[in-house]
Amino acid sequence: MEMRKVNKSLELTQDESESVSQLVIPATRYGESSFYDAFALRGIRLDRVESGVLVVCSFKVPPRLTDRSGNLANGAIANLVDIVGAAVAYVPGLSMNVSVDISISYMSTAKLHDELEITSRMVGRVGGCSGTIVILRNKTTGEIIAEGRHSLFRSHVGPIPKL
């Protein structure tokens, strides 16, 4: 019975279904921004970088990333852990890292319009493997919203091949 309620709440109305089916999302080429990037990351600000060591960003919780309770959705938090965690491990000129494991402790909630500080630190790097830790903190209260541990792998340690 409970599962039927959940399924019912997730169903789209006919209007919603038609709206989604009419979306045109063009393919992107390497290095271009995508619909995903624009939707999930629009508004993030880079505050500080220490190459290979630390990345600090600010982010104001927008309505498009909140759940029905008005909190920053857990999926949006996971996305921020993934992107900002990968940013600290990024090395210009080398192929991108692939996320192999993300573990997140959700400690509190962030409400609509809360200003967050997102800090990613490199924990270590051995060969093609990197580990980062990402902390999402409410800038006003200092409360930790989430802590993510992110493992990444890069199989090719040479320059990006020309296409």
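Reader: With which residue does glutamate 147 form a salt bridge?

Author: The model is predicted, and local features need pLDDT of at least 70, side-chain atom pairs count only at pLDDT 80 or more, and totals for chains, interfaces and linings use all residues. Residues are numbered from 1 along each chain as its sequence is written, and side-chain values use heavy atoms, with hydrogens and water left out. A salt bridge is a side-chain nitrogen of Lys or Arg within 4 Å of a carboxyl oxygen of Asp or Glu; for glutamate 147 the closest N and O atoms are 3.0 Å apart, and the partner is arginine 149.

Reader: Is glutamate 147 buried, partly exposed or exposed?

Author: Buried means under 20% relative accessible area, exposed means over 50%, and partly exposed is what lies in between, with a 1.4 Å probe and protein chains only. Arginine 149 has a relative accessible area of 30% and is partly exposed. Glutamate 147 has 24% relative accessibility, and therefore it counts as partly exposed.

Reader: How many salt bridges does the count come to?

Author: Besides the pair of glutamate 147 and arginine 149, the side chains of arginine 48 and glutamate 50 meet in a salt bridge at 2.3 Å, N to O. Arginine 48, at 45% relative accessibility, counts as partly exposed, and glutamate 50, at 32%, counts as partly exposed as well. Arginine 45 forms a salt bridge with glutamate 115, and the count by this rule comes to three.

Reader: How many residues apart are arginine 45 and glutamate 115?

Author: The closest N and O atoms of arginine 45 and glutamate 115 are 2.3 Å apart. Arginine 45 belongs to strand 1 (residues 45-50) and glutamate 115 to strand 4, a link between distant parts of the chain whose separation in residues is 70.

Reader: In what order do the elements of the chain run from the N terminus on?

Author: Helices (H or I, at least four residues) and strands (E, at least two) are DSSP runs, numbered from the N terminus. The chain has four helices and six strands, and from the N terminus on they run α-α-α-β-β-α-β-β-β-β.

Reader: What distance does helix 4 reach from its first C-alpha to its last?

Author: Helix 4 (residues 74-89) has 16 residues, and its buried residues include Ile77, Leu80, Val84 and Val88. Among the elements that cover these buried residues are helix 3 (35-41), strand 2 (54-60) and strand 5 (129-138).

Reader: Which residues does asparagine 79 touch, not counting residues up to four places away in sequence?

Author: Asparagine 79 is placed in helix 4 and, at 10% relative accessibility, counts as buried. Contact means heavy atoms within 4.5 Å, and with residues up to four places away in sequence left aside, asparagine 79 touches Tyr36, Ala40 and Leu41.

Reader: How far apart in space are phenylalanine 39 and arginine 64, C-alpha to C-alpha?

Author: Phenylalanine 39 has its place in helix 3 and counts as partly exposed at 36% relative accessibility. Not counting residues up to four places away in sequence, phenylalanine 39 touches Arg64 and Leu65. Phenylalanine 39 and arginine 64 are 25 residues apart in sequence, while their C-alpha to C-alpha distance is 7.9 Å.

Reader: How many disulfides does a search of the whole structure find?

Author: Cysteine 57 counts as buried at 6% relative accessibility, whereas cysteine 129 counts as partly exposed at 41%. A disulfide is a pair of cysteine sulfur atoms within 2.5 Å, and the number found in the whole structure is zero.

Reader: What positive phi does histidine 113 have?

Author: Histidine 113 lies in the loop between strand 3 and strand 4 and, at 49% relative accessibility, counts as partly exposed. Although histidine 113 is not a glycine, its phi is positive, at about 75°.

Reader: What share of the residues of the chain counts as buried?

Author: Of the contacts in the chain with a separation of 6 or more, 63% are between residues 24 or more positions apart. Among the 163 residues of the chain, the share that counts as buried is 30%.

Definitions and conventions:
Expected span 1.5 Å × (residues − 1).
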